[in-house]
Amino acid sequence: MRSRLGALALALLSACQRESAPDRSPQAGERLERAAIDLGMVSGGAASSVGVFAAEGDRACLLPDGGSDRYRLGASVDYGEGQNCVARGIARGGETLTIDFGGGCRFDGRITRDDLRFPAVLPEVCARYCAGRASLSAMHVERLSDTPAEAERLRGADGRLLCAY
């Protein structure tokens with residue numbers, strides 16, 4: 001019985017062999033990693049503001065937008081039917097981000113390697129992006145990912161892509 005199982009295993013292994021030998025050079029791994037970074041599938045390793053942030057029903061995404069300190073920003077709060085916010089705009093800066101959702105909704109937020117925070121008091125016009133008693137005020141979300149590909153796919157409470165224009 002053992003010899004039959006061994007023969008079967010050898011037959012399966014030989015059937016799975018490739019016609020050409022795999023690239024085992026030290027540069028093969030580097031090329032694969034670079035391709036994944038270029039496609040936005042993994043982070044390049046350096047600290048980045050880009051990514052997906054979330055905590056409970058709050059979500060945010062940040063994507064590069066034509067400059068080293070300019071980003072597309074989307075923020076969503078979802079506390080159930082009729083209680084949500086969705087805002088899309090731009091952010092500029094480094095650790096302090098000047099956030100502009102348009103229509104006068106402009107304020108400074110803070111971003112670190114681990115989280116994104118909005119101030120406790122926002123301009124009154126920012127309420128236009130919210131329904132019910134939901135608010136973007138004091139939004140505090142933690143980083144879930146620092147890959148652009150995931151940030152591009154994040155959806156807001158309205159079901160649309162959050163960092164899309």
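Modeller: Before we start, a salt bridge here is a side-chain nitrogen of Lys or Arg within 4 Å of a carboxyl oxygen of Asp or Glu. Keep in mind that this is a predicted model.

Colleague: Thanks! How many salt bridges does a search of the whole structure find?

Modeller: The search turns up 7 salt bridges. One of them joins arginine 88 to aspartate 158, with the closest N and O atoms 3.1 Å apart.

Colleague: Where do arginine 88 and aspartate 158 lie?

Modeller: Arginine 88 is in strand β4 (residues 84–93), while aspartate 158 is in the segment after α3 (148–153), so their pairing ties together parts that are 70 residues apart in sequence.

Colleague: Which residues are linked with Asp158 in a network of salt bridges?

Modeller: Arg88 and Arg160 are linked with Asp158 in that network. As for accessibility, aspartate 158 is partly exposed, at 37%.

Colleague: Switching topic, what does the side chain of arginine 110 meet in a salt bridge?

Modeller: Its partner is glutamate 95, at 2.5 Å from N to O. Arginine 110 sits in strand β6 (residues 105–111) and glutamate 95 in the loop between β4 and β5 (96–102), so this pair ties together parts that are 15 residues apart in sequence. Arginine 110 is partly exposed at 41% relative accessible area, and glutamate 95 is partly exposed at 48%.

Colleague: And aspartate 115, is that buried or exposed?

Modeller: Aspartate 115 counts as buried, because its 11% relative accessibility falls under the 20% cut-off. Aspartate 115 forms a salt bridge with arginine 117, the closest N and O atoms being 3.2 Å apart. Arginine 117 is partly exposed, at 40%.

Notes: Residues are numbered from 1 along each chain as its sequence is written. This is a predicted model: local features need pLDDT of at least 70, side-chain atom pairs count only at pLDDT 80 or more; totals for chains, interfaces and linings use all residues. Side-chain values use heavy atoms; hydrogens and water are left out. Helices (H or I, at least four residues) and strands (E, at least two) are DSSP runs, numbered from the N terminus. Buried means under 20% relative accessible area, exposed over 50%, partly exposed in between (1.4 Å probe, protein chains only).
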